[in-house]
Amino acid sequence: MRHALALAEKVMFTTTPNPRVGCVIVKDERVIGEGATQPPGGPHAEVVALRDAESRGESVAGATVYVTLEPCNHFGRTPPCVNALLAAMPARVVVAMGDPNPLVNGHGLARLRAAGITVDTGVCLDEALALNVGFVARMHRGSPWVWMKLASSLDGRSALHNGKSQWITGEAARADGHVWRARSCAVLTGIGTVLADDPQMNVRHVATPRQPRKIVVDAQLLLPETARLLDDTPTWIFTARTDAAKAARLADRNVQVIELPDGRGKVDLPAMFRWLGENDINEVHVEAGEKLNGSLLREDCIDELLSYLAPVLLGDAAGVARLPVLESLDDVRRFAFTDVMAVGQDVRLRARVDENWLALREAVSLLG
């Protein structure tokens with residue numbers, strides 16, 4: 001199963017909006033076939049592995065199939081993988097986690113068992129969920145998994161008092177951040193960051209065959225039409241203001257303007273993420289300023305923090321998120337640390353909202 005997970009990780013940047021899945025077929029203690037899900041419209045991992053076994057002249061009958069996600073049982077862009085497995089008739093199928101897609105959700109496993117194939121689930125479940133946490137979030141709750149990337153000093157400052165922030169962290173940390181950009185379906189920022197930094201919002205420090213979609217939260221539709229992010233790649237602007245003429249001009253630049261007012265002149269942030277889920281976005285990478293970061297945290301829109309700490313102190317400077325003053329420690333927003341890693345001269349901390357993770361874990365572990 002760990003080999004299957006490694007195969008799934010190799011297609012991290014290419015399968016969206018489909019899940020990243022790996023499959024390994026073993027017979028007589030030999031790997032006779034393996035594969036990973038191809039880009040949308042291409043074969044899923046099980047079919048790739050079955051074809052690999054066939055190309056080697058191997059029969060899958062009586063073999064054990066290890067797959068990181070429950071095989072699909074419905075027609076989508078491709079036929080059901082369960083049909084291909086039933087035709088090959090392995091003796092056993094080992095599945096890391098269930099698929100919460102209502103069109104799958106245990107039905108594939110039931111068909112395999114009905115055919116006399118032994119099915120085991122839950123092997124390396126947490127590792128499999130980590131690879132596809134966004135897909136599971138979209139299927140289970142209707143919105144993507146959202147992480148917020150932060151870069152700060154040891155005292156939690158993200159910019160000097162004059163707004164200068166390039167660069168607090170080192171080159172290695174910036175490159176690592178681009179890996180997370182590359183795996184996401186979309187990179188999100190606010191109009192304040194666009195006006196201050198004129199970011200490109202693309203992946204540059206790692207090789208990727210696919211650029212994530214760009215998203216800007218811009219309540220008053222202030223986006224300059226000379227902004228560098230407007231490079232004719234797909235972009236969504238969420239706003240609370242109607243400006244049909246500007247929206248039409250932006251449409252010619254491959255930009256869609258979506259009006260989602262919250263009644264207070266701001267963008268309805270929870271509604272925005274539900275909209276993103278409805279439009280096949282699995283994972284969102286947030287790189288914004290303290291104002292939007294604070295709003296996203298206050299609205300409980302963030303599932304995970306990806307925080308890079310530089311070994312410096314900045315003192316009286318901008319923080320990473322503008323949050324309300326608290327009177328009690330009972331009111332703090334709590335996260336659970338999941339990983340600590342040195343990245344060049346800096347440290348990367350990962351922390352998530354545990355209840356959000358546990359809800360997804362339960363959703364994919366009910367099939368055991």
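Which residues does Gly 289 touch, once we stop counting residues up to four places away in sequence? The answer is Thr 193 and Val 320, where contact means heavy atoms within 4.5 Å.

Before I go on, a word on the model. What you see is a predicted model, in which local features need pLDDT of at least 70 and side-chain atom pairs count only at pLDDT 80 or more, while totals for chains, interfaces and linings use all residues. Residues are numbered from 1 along each chain as its sequence is written, and side-chain values use heavy atoms, with hydrogens and water left out.

Let me stay with Gly 289, which lies in the loop between strand E12 (283-286) and helix H11 (290-298); helices (H or I, at least four residues) and strands (E, at least two) are DSSP runs, numbered from the N terminus. Gly 289 is partly exposed, with a relative accessible area of 28%, on a scale where buried means under 20% relative accessible area, exposed means over 50%, and partly exposed is in between (1.4 Å probe, protein chains only). An unreviewed UniProt entry lists Gly 289 under "binding site", together with Ala 151, Thr 193, Asp 197, Glu 290, Lys 291, Leu 292, Asn 293, Gly 294 and Ser 295; please keep in mind that UniProt positions are given in the numbering used here, that feature names are shortened, and that annotations may be inferred rather than shown by experiment.

As for helix H11 itself, its buried residues include Leu 292, Asn 293, Gly 294, Ser 295, Leu 296 and Leu 297, and what covers them includes E6, strand E8 (186-190), strand E9 (213-217), H10 and E12. Just after H11, Asp 300 takes a positive phi of about 55 degrees.

I turn now to helix H6 (residues 133-141), where the buried residues are Val 133, Gly 134, Phe 135, Val 136, Ala 137 and Arg 138. Their cover includes helix H5 (125-131), strand E6 (145-153), helix H7 (171-183), helix H10 (269-278), E12 and helix H12 (354-364), and H6 is followed by Gly 142, whose phi is positive, near 85 degrees.

How do the axes of H6 and H12 cross? They come within 10 Å and cross at roughly 80 degrees, where axes are lines fitted to C-alpha atoms, for helices over the stretch in contact, and angles run from 0 to 180 degrees between N-to-C directions. That makes H6 roughly perpendicular to H12, given that angles under 35 degrees count as roughly parallel, over 145 as roughly antiparallel, 65 to 115 as roughly perpendicular and the rest as oblique. On the H6 side, Val 133, Val 136, Ala 137, His 140 and Arg 141 meet Asn 356, Trp 357, Ala 359, Leu 360, Ala 363 and Val 364 of H12. By class, that contact has eight nonpolar, two polar and one charged residues, with Ala, Val, Leu, Ile, Met, Phe, Trp, Tyr, Cys and Pro counted as nonpolar, Asp, Glu, Lys and Arg as charged, and the others, Gly among them, as polar.

Another helix pair is H3 (residues 81-88) and H4 (residues 107-114), whose axes come within 10 Å and cross at roughly 15 degrees. That makes H3 roughly parallel to H4. Here Val 82, Asn 83, Leu 85 and Leu 86 in H3 meet Gly 108, Arg 111 and Leu 112 in H4, and the residues of this contact divide into four nonpolar, two polar and one charged.

Next, the unreviewed UniProt entry also lists His 44, Cys 72 and Cys 81 under "binding site". They span 38 residues in sequence, yet no two of their C-alpha atoms are more than 9.1 Å apart, so they gather at one spot. His 44 has its place in the loop between strand E2 (30-36) and helix H2 (45-55), whereas Cys 72 lies in the loop between strand E3 (64-67) and H3. Cys 72 is buried, with a relative accessible area of 7%, and, leaving aside neighbours within four places in sequence, its contacts include His 44, Glu 46 and Cys 81.

I finish with Phe 238, in strand E10 (residues 235-239), and Asp 218, in the loop between E9 and E10. Phe 238 counts as buried at 0% relative accessibility, and Asp 218 likewise counts as buried at 0%. Asp 218 touches Phe 238, among other residues, including Ile 191 and Leu 223.
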